Amino acid sequence: MAISHVQPVLLLLASLFFIPALHALDFEYCNKSGYEFGNVSSVEISPNPVDLDDEPNITVSGYANQGIDYGSIEVHVTAGDVTHLMRRYFLCVVGDSCAIEAGTNFVLPLTEIPVDYTEGAAKYVYSIRLIDDDVKDAEESILKLCVQFELPLIDPRSVSVLSS
């Protein structure tokens, strides 16, 4: 009899442990090998999956090997052969400060990202790019970190079938 009371508690604890993983996404570095700037430990999206009418929130977490004093985060989407800049955030707005210090963990909460729907596109690959805008003598900003992932969309065909 005691075992029957323990099983529901263990099931509850196990489900609480795995619930945060439901919003985590599989991602890869845009250059396939990683960046000297640092490591990304997780990319999370909410809601997951995303409906075409949603403007999801994406959180990128990681560790900085190098610092950045002034930067921006760009969100791009590729659907088919077309890539669009969806939103640009300044580090001062999304972070606790305008800088990410070397040797620290970072969290980049990106809110209300538009979903770009292209008729006939089989998948949507989003990329999150951390850009160093404090370039001094250089003429262009410097890409410090980039991850990409497939947006987990609710299939519009399955939604219309389910709602019929």
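Predicted model: local features only at pLDDT ≥ 70, side-chain atom pairs only at ≥ 80, totals over all residues.
**Notebook: strands, salt bridges and a pocket**

Residues are numbered from 1 along each chain as its sequence is written, and side-chain values use heavy atoms, with hydrogens and water left out.

**Entry 1**

Strands here are DSSP runs of E with at least two residues, helices are runs of H or I with at least four, and both are numbered from the N terminus. I count two strands as paired if DSSP finds at least two bridges between them. β4 and β5 pair antiparallel over eight bridges. Their hairpin has two residues between the strands, and G80 takes a positive phi there, near 70°.

I131 has L143 in β8 as its bridge partner.

**Entry 2: β2, β3 and β6**

I then moved to β2 (residues 38-46) and β3 (residues 57-64), which pair in the antiparallel sense over eight bridges. S46 stands opposite N57 in β3. β3 also pairs with β6, again antiparallel, over seven bridges. There I found G62 opposite F106 in β6.

Is S42 buried or exposed? I use buried for under 20% relative accessible area, exposed for over 50%, and partly exposed for anything in between, with a 1.4 Å probe and protein chains only. S42 counts as buried because its relative accessibility is 18%. Contact means heavy atoms within 4.5 Å. Leaving aside neighbours within four places in sequence, S42 touches F27, T59, V60 and S61.

**Entry 3: salt bridges**

My rule is a side-chain nitrogen of Lys or Arg within 4 Å of a carboxyl oxygen of Asp or Glu. How many salt bridges does this rule give? The count is three.

I took E28 and K32 to start with: their closest N and O atoms are 2.8 Å apart. E28 is partly exposed at 37% relative accessibility, while K32 is exposed at 56%.

Then came E74 and R88, with closest N and O atoms 3.1 Å apart. This pair links distant parts of the chain, with E74 in β4 (residues 71-79) and R88 in β5 (residues 82-90), 14 residues apart. E74 is buried at 13% relative accessibility, and R88 is partly exposed at 37%.

R88 also meets D133 in a salt bridge, at 3.2 Å from N to O. These two are 45 residues apart, with D133 in the loop between β7 (124-132) and β8 (142-150). D133 counts as buried, since its relative accessibility is 17%. So I wrote down E74, R88 and D133 as a linked network of salt bridges.

**Entry 4: P152**

Where is P152? I found P152 in the loop between β8 and α3 (156-163). P152 and P49 are 103 residues apart in sequence, yet 4.9 Å apart in space from C-alpha to C-alpha. Not counting residues up to four places away in sequence, P152 touches L25, I45, N48, P49 and V50.

**Entry 5: the second largest pocket**

On a 1 Å grid over the protein atoms alone, a pocket is an open set of points where a 1.4 Å probe fits, with protein on both sides within 12 Å along at least five of seven lines; lining residues have an atom within 4 Å of a point. The volume is the space filled by probe spheres set on the points, and for the second largest pocket it is about 160 Å³.

I listed 14 lining residues, with G95, D96, A99, I100 and F106 nearest the centre. Which strand gives the most to the lining? β6 does, with six residues. α2 (91-94) and β6 (104-110) each supply at least two.

By type, the lining has eight nonpolar, four polar and two charged residues. Ala, Val, Leu, Ile, Met, Phe, Trp, Tyr, Cys and Pro count as nonpolar, Asp, Glu, Lys and Arg as charged, and the others, Gly among them, as polar.
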